[in-house]
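Hi everyone, thanks for coming.

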Amino acid sequence: MRKKVGTLAAVLSICLIGCSPEEDDNEITIWSFTDEGEYAVAAFSEKYPDVKVNFQFIPSSQYETKLRSALSTGIRAPDVFALEAQYVRKFIDHPSLESLSEAPYDAEALIDSHYEYIQGMERDSNGDVRTVGYQGTTGGFYFRRDLAEEYLGTDDPKEVSEMIETWDDVFSISKRVYEESGGTVHGLPNWNSIGQVQDALVNQAWVVDDKLIIDQAKRDVLDLVDQAIEADALAMLDDWSPGWTASMQQGSVLFYPGPSWYLQYVLQANAPDTSGLWGLASGPAAFSGGGTFYSVYSGSDNKDLAWEFVKFYGFDVDFLQNLAVDEQYYTSHRGANEGVADEITSDFLAGQNYFEFFNEESENVQAVVRSSFDGDINDIFNELMDSYARGNFHSQEEFWQRFKRDVQTYFPELTIE
């Protein structure tokens, strides 16, 4: 029997921003760029009532700069801090992140419970565990059931999955849907629907031995975008734009590739009136997107308590199953997800058991090699791809010349051929 966790207000041991800064052997400070960690703090404080937890939510726009400064100087540095998948590799090899592989932490004995692609993010360049994920970010193709029924003849997720096993399948369907709808329905919202899936197929980091490497999966993105444009597959709606969110409500796009959290934080948040009109299928490749990880500050005076929190958040099965059930939250922990899969369905997905779907997909997501340069170089690539998809480059060769130039400008120390 899982024990439900009360609200933050009911947990008197929690101390948020503004608490006394005095040192306490039973006190830890946690920084995060997302407030969803408050659920874990509440549960942790219930289990460890003698520990005072100062949870500080810092807006994403300020977080990375403030964290880098605190870790570099050691001034008011937190005992525990969150890292976003986009910039984990910028921090992972820094000595301010405590190595958790060996005693007294012994994280090596724990992380096998996480999916392989999560483990790939948790290890530094030498293979040591320096951060722990709690969030499973496995992806899938969310689709409008009403559109699938009208244009594909079925809204069954398994049947839809069989129809979109390759990008050629996706583009062929998109072209037909566009034509049959009189140009009012597209297959995909934008080029990044392709790009995020292709990211899971990358076999090389952007930088190896201080040299820029362009992986074939990245080169393929341009070919695939060219095919998508020719098939009228792309609605050309920028992610997070008003038009993008409106399309979910209006039913003007058939497929939205996205990670597990896309259901709660994108579809349900932006199209609440469409509950029951969505399904979830697998596409041309298994992929993941985003994710939050927690690390222990190596200079902390309370590393033992800091580790207890990180371990609790990443590996405590009872807690993670509560998180899954209470918050509709897909976790990084294989056993926790499998233990509750039978009881978690989504009314928004017309009763589909999406945990079972993600459990199967998670085993197929490969661990992707990253470097500390990847976040910034991905930003450069994505910005130029937005322009490429809108026809602002005359050729792929021109795109790659511009890309290399911009990377060289940003990172003059790299060798670029």
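**Rings that meet**

Searching the whole structure, which is a predicted model, turns up 44 aromatic pairs. Let me show you two of them.

Start with Phe-33 and Tyr-87. Their ring centres are 6.4 Å apart and their planes stand at 70°; over 60 counts as edge-to-face, so that is what we call this pair. Now, where do these two residues lie? Phe-33 is in the loop between strand E2 (27–32) and helix H1 (37–47), while Tyr-87 is in the loop between strand E4 (80–84) and helix H3 (88–91), so the pair ties together parts that are 54 residues apart in sequence. Both Phe-33 and Tyr-87 are buried.

Next, find Tyr-142 and Tyr-262. Is this pair stacked or edge-to-face? The centres are 5.5 Å apart and the planes are at 20°, so the pair is stacked. Tyr-142 belongs to strand E6 (residues 139–144) and Tyr-262 to helix H11 (residues 262–270), so this contact ties together parts 120 residues apart in sequence. Tyr-142 has a relative accessibility of 0% and counts as buried. Tyr-262, at 6%, counts as buried too.

Rings can also gather in groups. One aromatic cluster here includes Tyr-39, Phe-44, Tyr-134, Phe-309 and Tyr-329 among its members.

Finally, let's look at charges over rings. Arg-68 lies over the face of Phe-91, 4.7 Å from the ring centre. Over at Trp-278, the charged end of Arg-144 sits above the ring, 5.7 Å from its centre.

Methods:
Residues numbered from 1 in each chain as written. Predicted model: local features only at pLDDT ≥ 70, side-chain atom pairs only at ≥ 80, totals over all residues. Heavy atoms only, no water. Phe/Tyr/Trp six-rings, centres within 6.5 Å; stacked < 30°, edge-to-face > 60°. Helix = DSSP H or I, 4+ residues; strand = E, 2+ residues; numbered from the N terminus. Buried < 20%, exposed > 50% of the residue type's maximum accessible area, 1.4 Å probe, protein only. Lys NZ or Arg CZ within 6 Å of the ring centre and 35° of its normal.
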